[in-house]
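Please keep the sequence and the coordinates at hand while reading.

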Amino acid sequence: MSEKTVAAPAVVPVPPPRRSVRVNKRKRHKHNLAGYGFLAPWLIGVFGFTLIPMVYSLYLSLTKFNLLTAPQWTGLDNYLNLLSDPRYLQAVKVTLIYVVTSVPLKLALALLVAVALNRGLAALGFYRSVFYLPSLLGASVAVSVMWRQIFSQQGLLNEFLSWFGIHGADWIGDPRYAMWTLVLLSGWQFGTPMLIFLAGLKQLPQDLYEAAALDGAGRVRVFFTITLPLLSPMVFFNLVLETINAFQTFTPAFVVSAGTGGPIDSTLLYTLYLYLKGFGSLQMGYASAMAWVLFLVIGAFTAVYFWSARRWVNYAE
Amino acid sequence: MTAPARRRIHWRAHTVLLLTLVVMIYPLVWLVGASFKPENQIFTTVSPLPLTFTLANYFSGWTATGTSFSVYLANSVTVSVCVVIGNLISCALAAYAFARLDFALRKMWFGLMLGTLMLPFQATLIPQYTIFYQLNWINTFLPLVVPYFLAYDAFFIFLMVQFIRGIPRELDEAAALDGAGHVRVFLTIIVPLLRPALITTGVLTFIWTFNDFLRQLVYLSDNSRYTVPLGLNSFIDKASGSSYGGMLAMSVVTLVPTVAVFLISQRRLVDGVANTGIK
């Protein structure tokens, strides 16, 4: 940079660069107008519904606020209180267990089914659509209602188990099992990552597989040494997306526990507790602090994924 | 590899896949069957086929919460259709700017847009609520609809940017040489070619909004404003053993619009979603 500024005046006369700068500016200006014109709705939205609310939320998290009276400054009290709130710590524990079990389960199922489908099977379109359906419906209250009927004491599962003389537990009502019904419900919705894996599998170079077949590599070895490394960008993409989604799960926990997070807080997912605090007992300052912690934790998870990606995500293609 | 061997492998694959599929779909089939069973048979039979077929659950469920389910359905469709329109317009505009126009700070705004994809929406739920509260918009559809006219759902901007990048630039340039401005290029070249992405956006937006629960739970408090998920939720509060049949029947009713939209659009939709993961 400095070399240029020293050398330039000696060789080139002054006017030309100026003119070219002016032309550039004028040209840019024209694009600016169009660019910002098209971008205007999003810009208003991102400031009005995201950036300003984020700052406002940070402020609220440092206050005591019940919506009806003005916020009262309390400094870091909300954050300190989180640490000594047993229900909050329970929510953190439940949510972490939920995330680290449901995300791998969902991605493993998605990958398994995608690999099974990626063999030029007949009726591929039919399979794809039907396997995808649950992930479209899964977030609905109706599916959560259905889940509750399946796993309740006299539900479908126990009725089925009784054929084999097994007396099933009260899956929804027992704190040892209630959480796992939610994890299963998440696994049931593997359709979206499956579609993404399938699209990725279709793009893999076939010659590698032929070479591996010639070398006599078995199917399992081919999967771990060829398919999985080549598919790692898709694994990464799905991992980031599904982790963020899992942290935000609300509906099934709310419906299955009838809005309580029970039995004995075993299904008290983070967002459900945030809702109960913010809109149940109108502790909006406290709930804002919870929201900021969630934001930072999701940010940290994403950062770790991106940081670790260099070691395991293969962008060589 | 010999032909019979290849065939055998496929038979096994089909068997495993079909079994998985049956296990996955069985609960939905059972739900539909159970909604047509008399109350006392719902929990005593695993079979999805009702021994006695009855519509009683639908009649009792339709009005069991005090407000007719027709009201909930109308509200849900109103909200969902508005959000679809908002998303289609605002996200297409933003996507065109990001994909085709060169303006100051473009990279920064694009990065910010990608960043909002990772933002949990709970992070802004409470401040947004207080803002809408001050605007007196609580218990109206406005908080559920207005943000989407301002491209609040960045996922669809991203999806459309990816798609527009695949449209050959020569088409815009040819039109620009003919004297077409950005608005005309956008309307006559980009929008028609963007159709598959617009369909994906429209269908996903409709289904996601129709099924969305937390936002509607927070913003709508009056029974006459309730949407389908809230209507169904009031069953859960009330259902103490007596109206399971009605609850299941209404669950089926709430699934019908989403499944219908899915069936109509499934090929396009499945392809559209599959491509979101590709760079």
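The points below are grouped by topic. The model is predicted. Chain A and chain B are in contact through 78 residues of chain A and 71 residues of chain B. Each chain is divided into two parts by a domain assignment, given here for chain A as domain 1 (2-60) and domain 2 (78-312) and for chain B as domain 1 (3-54) and domain 2 (64-277).

**Contact between the chains**

- The contact draws 78 residues from chain A and 71 residues from chain B.
- On the side of chain A that touches chain B, helix α2 (residues 15-60) of chain A gives the largest share, with 21 residues.
- That side of chain A consists of 55 nonpolar, 19 polar and four charged residues.

**Chain A overall**

- Chain A holds 14 helices and two strands.
- Of the 317 residues in chain A, 38% are buried.
- Counting contacts in chain A between residues at least 6 apart in sequence, 72% link residues at least 24 apart.
- The C-alpha centres of domain 1 of chain A and domain 2 of chain A are 42 Å apart.

**Domains of chain B**

- Between the C-alpha centres of domain 1 of chain B and domain 2 of chain B there are 32 Å.
- The two domains of chain B touch through six residues of domain 1 and six residues of domain 2.
- On the domain 1 side of this contact in chain B, the residues are four nonpolar, one polar and one charged.

**Helices α10 and α13 of chain B**

- Helix α10 (residues 195-211) of chain B and helix α13 (residues 244-274) of chain B cross at roughly 140°, and their axes come within 9 Å.
- Oblique is therefore the class of this pair, α10(B) and α13(B).
- The crossing of α10(B) past α13(B) is left-handed.
- Residues of α10(B) in this contact include B:Ile199, B:Val203, B:Phe206, B:Ile207 and B:Phe210, and among those they meet in α13(B) are B:Val261, B:Phe262, B:Arg268 and B:Leu269.
- The contact of α10(B) with α13(B) is made up of 12 nonpolar, five polar and one charged residues.

- B:Ile207 lies in helix α10 of chain B.
- B:Ile207 counts as buried because 23 other C-beta atoms lie within 10 Å, and the cut-off for buried is 20 or more.
- Leaving out residues up to four places away in sequence, B:Ile207 touches A:Leu136 in chain A as well as B:Thr258, B:Val261 and B:Phe262 in chain B.
- B:Ile207 and B:Val29 are 178 residues apart in sequence, and their C-alpha atoms are 20 Å apart in space.

**Helices α3 and α7 of chain B**

- Helix α3 (residues 69-100) of chain B packs against helix α7 (residues 154-165) of chain B at an angle of about 50°, and the axes are 8 Å apart.
- The pair α3(B) and α7(B) is therefore oblique.
- α3(B) passes α7(B) in a right-handed crossing.
- From α3(B) the contact includes B:Asn87, B:Cys91, B:Ala95, B:Tyr96, B:Phe98 and B:Arg100, and from α7(B) it includes B:Phe156, B:Met160, B:Ile164 and B:Arg165.
- By type, the residues of the contact of α3(B) with α7(B) are 12 nonpolar, one polar and two charged.

**Positive phi values**

- B:Ala151 is a residue other than glycine with a positive phi, near 55°.
- B:Ala151 sits in the loop between α6 (142-145) and α7 of chain B.
- B:Ala151 is buried, as 29 other C-beta atoms lie within 10 Å.
- A:Leu67, also not a glycine, has a positive phi of about 80°.
- A:Leu67 belongs to the loop between β1 (63-64) and β2 (72-73) of chain A.
- With 15 other C-beta atoms within 10 Å, A:Leu67 is partly exposed.
- A:Gly216, which follows α10(A), has a positive phi near 75°.

- A:Gly200 is placed in helix α9 (residues 191-202) of chain A.
- A:Gly200 is buried, with 24 C-beta neighbours inside 10 Å.
- A:Gly200 and A:Leu137 are 63 residues apart along the chain, and their C-alpha atoms are separated by 24 Å.

How values were computed: Residues are numbered from 1 along each chain as its sequence is written. Chains are lettered from A and ligands numbered from 1 in the order in which they are written. This is a predicted model: local features need pLDDT of at least 70, side-chain atom pairs count only at pLDDT 80 or more; totals for chains, interfaces and linings use all residues. Two residues are in contact if their C-beta atoms, placed from the backbone, lie within 7 Å. Helices (H or I, at least four residues) and strands (E, at least two) are DSSP runs, numbered from the N terminus. Ala, Val, Leu, Ile, Met, Phe, Trp, Tyr, Cys and Pro count as nonpolar, Asp, Glu, Lys and Arg as charged, and the others, Gly among them, as polar. Domain bounds come from an automatic or database domain assignment. Axes are lines fitted to C-alpha atoms, for helices over the stretch in contact, and angles run from 0 to 180 degrees between N-to-C directions. Angles under 35 degrees count as roughly parallel, over 145 as roughly antiparallel, 65 to 115 as roughly perpendicular and the rest as oblique. A crossing is left-handed if the near helix is turned anticlockwise from the far one by less than a right angle, and right-handed if clockwise. A residue is buried if 20 or more other C-beta atoms lie within 10 Å of its own, exposed if 12 or fewer, and partly exposed in between; C-beta atoms are placed from the backbone.
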